[in-house]
Each structure stands twice: as C-alpha cells, then as structure tokens.
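Here is a briefing on the fold shown below. Keep the sequence and the 3D view side by side while reading.

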Amino acid sequence: MNKNKEREKEKEKEKEIIEETEAIEEAAKAAEANAEEATEKPDPKDSEIAQLKEQLMRNMAEYDNYRKRTAKEKSELMPDITARVVTDFLPIVDNFERALNAECSDENYKAGVKMIYDSFMEVFDKLGVEKVPTEDFDPGYHQAVQMVEPPEGQESGKIAQVFQNGYKIGTKVLRFAMVTVYQ
C-alpha cells in the first residue's frame, strides 16, 4: 500500500511539474509577445535574456524528470534485489529449522539456536518475506514431491507433510514449498 501511495504522490508531483513547466513556457511566450509589442526595436539583450530563461526552465524540468525517473527505477529494483539476497539466506534458515527439530540434550544450546532463527524471521518480516501457507495444495506455491493415500476422513488435495518450507515476497515466490500431498 505504501508503494502505491508513493507512486500516486510521484504521479501527482509529475503532473504538477508538467503544469508548472507549461505555465512557465506560456508566461515566457507571453512576455516575449508583450516585449515585441511594447518596443518597435527589440533589444537584443532582452531576447537573449528571454531565451536563457526559457533554456533554464527547460533544463530544470528535464533534471526534475530525470530525478523522478531514477527514483522510480530504484524503487522498482528494490524487490528484485531483496529477493536475491533473501534467496541466498534460505539454506541457512533451513539448517536452523533442522537444528530446532533435532533432539538435543542441552536446552540452552537449543534456546540459542531458536533465538538466531527468530532473528532471521524478524528480518524476513521487515523485508516482507512470508512463509508459503501449507494447508491446501496450490501448484502456484507448492511442489508436490510425493503423493500418498489419505487416511480415513482426510480430504484429497491437502498437504500431508512439508519437506522444505517455501517463501514469498508479496505474490512473487522465492522458493516453492516441497510437500507430500494426499491423493
């Protein structure tokens, strides 16, 4: 939502700048027309000043458009960069999940591993990374690596077991969840 608001604000600013630029150009043209009507002999300095003012206004508008365009490109690249970096950290998170599921006689050691894992999850939350839900099978988010017969009373199409969690940012899947599905 914030990105949409930022884009709307940027579009509004672009419209304002375009309107200001057009108003300045019209004012410059009107000033030139008035100057020509007021004097029979146009002063070369006045025309040069008007030309330089017009050139300055055009350069200012061009620079502002460049600044907006680069800001837009930067904001569009950010999700891709985040996705690449997060994808590199997913194997580490998987190892922490395996460590948490393993038997351990030292509870302090296991608590330390849990704290590190929780820190990763907090960072992922800040970056907008979410785990793929693993209730119902969805080929858009899950990769079925095995099909099994459902126990009595269990529906087909449900996920029986998760081998590897999947992750996504918004609607972009970073990694599909590897699951076993009831037939």
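Tyr66 has a relative accessibility of 44%, so Tyr66 counts as partly exposed. This is a predicted model. Tyr66 sits in helix H2.

- Tyr66 and Leu127 are separated by 61 residues in sequence, and their C-alpha atoms lie 28 Å apart in space.
- Glu54 is also part of helix H2. With 27% relative accessibility, Glu54 counts as partly exposed.
- From Glu54 to His142 the C-alpha distance is 59 Å, across 88 residues of chain.
- Asp125 belongs to helix H3. Its relative accessibility is 57%; the cut-off for exposed is over 50%, so Asp125 counts as exposed.
- Asp125 and Asp138 are 13 residues apart along the chain, with 22 Å between their C-alpha atoms.

**The H2–H3 pair**

- Helix H2 covers residues 44–101, and helix H3 covers residues 107–127.
- Their axes come within 10 Å and cross at roughly 155 degrees.
- Angles over 145 degrees count as roughly antiparallel. H2 and H3 are therefore roughly antiparallel to each other.
- The crossing of H2 and H3 is left-handed.
- On the H2 side, the contact includes Thr82, Val86, Phe89, Leu90, Phe96 and Glu97.
- On the H3 side, the residues met include Lys110, Val113, Ile116, Tyr117, Phe120 and Phe124.
- Leu127 of H3 is also one of the contact residues.
- What is the make-up of the contact of H2 with H3: how many residues are nonpolar, polar and charged? The contact has 15 nonpolar residues, two polar and three charged.

**Sheet S1-S4-S5**

- Three strands make an open sheet in the order S1-S4-S5, and the pairing is antiparallel.
- Which strands stand at the edges? Strand S1 (129–131) and strand S5 (172–175) do; each has a single partner strand, so one side of each lacks a neighbour in the sheet.
- On average, neighbouring strands of this sheet are turned by 35 degrees against each other, direction ignored.
- S1 and strand S4 (residues 167–169) run antiparallel and are joined by three bridges. Val129 has Ile169 in S4 as its bridge partner.
- S4 also pairs with S5 in the antiparallel sense, over three bridges. Lys168 has Val173 in S5 as its bridge partner.
- S4 and S5 form a hairpin, with two residues between them. Gly170, in the turn, has a positive phi of about 65 degrees.

**Helices against that sheet**

- H2 lies across S1, S4 and S5. H2 runs at about 40 degrees to S5.
- H3 lies across S1 and S4. H3 runs at about 120 degrees to S1.

**Sheet S2-S6-S3**

- Another open sheet has three strands in the order S2-S6-S3, and its pairing is mixed.
- S2 and S3 are the edge strands, each pairing on one side only.
- From one strand to the next, the twist averages 25 degrees.
- Strand S2 (residues 142–148) runs parallel to S6, with six bridges joining them. Gln146 has Thr180 in S6 as its bridge partner.
- Strand S3 (residues 159–164) pairs with S6 in the antiparallel sense over four bridges. Val162 has Val179 in S6 as its bridge partner.
- Is strand S6 (residues 177–182) mostly covered or mostly open? S6 is mostly covered, with five of its six residues buried.
- In a regular strand, side chains alternate between the two faces of the sheet.

**Points to keep in view**

- H2 and H3 cross at roughly 155 degrees, and their contact counts 15 nonpolar residues.
- Tyr66 counts as partly exposed, as does Glu54, whereas Asp125 counts as exposed.

Notes. Residues are numbered from 1 along each chain as its sequence is written. This is a predicted model: local features need pLDDT of at least 70, side-chain atom pairs count only at pLDDT 80 or more; totals for chains, interfaces and linings use all residues. Side-chain values use heavy atoms; hydrogens and water are left out. Axes are lines fitted to C-alpha atoms, for helices over the stretch in contact, and angles run from 0 to 180 degrees between N-to-C directions. Angles under 35 degrees count as roughly parallel, over 145 as roughly antiparallel, 65 to 115 as roughly perpendicular and the rest as oblique. A crossing is left-handed if the near helix is turned anticlockwise from the far one by less than a right angle, and right-handed if clockwise. Contact means heavy atoms within 4.5 Å. Ala, Val, Leu, Ile, Met, Phe, Trp, Tyr, Cys and Pro count as nonpolar, Asp, Glu, Lys and Arg as charged, and the others, Gly among them, as polar. Two strands pair if DSSP finds at least two bridges between them. Buried means under 20% relative accessible area, exposed over 50%, partly exposed in between (1.4 Å probe, protein chains only).
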